[in-house]
Amino acid sequence: MVSDLKQSYVGAKIEPQLRDLVKNVAKKRGENVSTFLRRALIKELAELSFLSEDTKKAIGIRGT
């Protein structure tokens, strides 16, 4: 999955309202925006079955 030894930067343009919402939700969860977005991407990839069954279990996706 994601290695702490080597990471790459990915950028995307989003509407200001969506940016503000992401920042607000991340803050309320006690995490930074990068962590929130990283988890959202991993969850989406898992739901699309691009990640292993063990990874799906680890992030709370069952029986897909």
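**Reading salt bridges, a helix and a pocket**

Modeller: Searching the whole structure turns up four salt bridges, a salt bridge being a side-chain nitrogen of Lys or Arg within 4 Å of a carboxyl oxygen of Asp or Glu. This is a predicted model, in which local features need pLDDT of at least 70 and side-chain atom pairs count only at pLDDT 80 or more, while totals for chains, interfaces and linings use all residues. Residues are numbered from 1 along each chain as its sequence is written, and side-chain values use heavy atoms, with hydrogens and water left out.

Biologist: Which residues are linked in a network of salt bridges?

Modeller: The general idea is that side chains of opposite charge can pair when their charged atoms come close. Here Arg29, Glu31 and Arg39 form the network: Glu31 meets Arg39 with an N to O distance of 2.4 Å, and Glu31 also meets Arg29 at 4.0 Å. Arg39, at 34% relative accessibility, is partly exposed, as is Arg29 at 49%, where partly exposed lies between buried (under 20% relative accessible area) and exposed (over 50%), computed with a 1.4 Å probe on protein chains only. Another salt bridge joins Arg19 to Asp20, whose closest N and O atoms are 3.0 Å apart; Arg19 is partly exposed at 41%, and Asp20 is partly exposed at 40%.

Biologist: How many helices and strands does the protein have?

Modeller: Helices (H or I, at least four residues) and strands (E, at least two) are DSSP runs, numbered from the N terminus. The protein has three helices and zero strands, and its C-alpha trace spans about 35 × 25 × 20 Å along the principal axes. Buried residues account for 12% of its 64 residues.

Biologist: Which residues of α2 are buried?

Modeller: An α-helix has 3.6 residues a turn, so residues three or four places apart point the same way. In α2 the buried residues are Phe36, Ile42 and Ala46. They lie on the same side of α2 because they cover an arc of only 135° around the axis, the arc being that of the directions from the helix axis to the C-beta atoms. With 15 residues, α2 reaches 21 Å from its first C-alpha to its last, close to the 21 Å expected at 1.5 Å a residue, where the expected span is 1.5 Å times one less than the number of residues.

Biologist: Which residues lie nearest the centre of the largest pocket?

Modeller: On a 1 Å grid over the protein atoms alone, a pocket is an open set of points where a 1.4 Å probe fits, with protein on both sides within 12 Å along at least five of seven lines, and lining residues have an atom within 4 Å of a point. The largest pocket is lined by 22 residues, and Val10, Ser34, Leu37, Arg38 and Leu41 lie nearest its centre. The largest share of the lining, eight residues, is supplied by α2.

Biologist: What is the phi of Ser49?

Modeller: Most residues other than glycine have a negative phi. Ser49, although not a glycine, has a positive phi of about 65°; it sits in the loop between α2 (33-47) and α3 and is partly exposed, with a relative accessible area of 44%.

Biologist: Is Gly60 buried or exposed?

Modeller: Gly60 counts as exposed at 55% relative accessibility, and it lies in the segment after α3 (53-58). The C-alpha atoms of Gly60 and Arg39 are 12 Å apart, although the two residues are separated by 21 residues along the chain.
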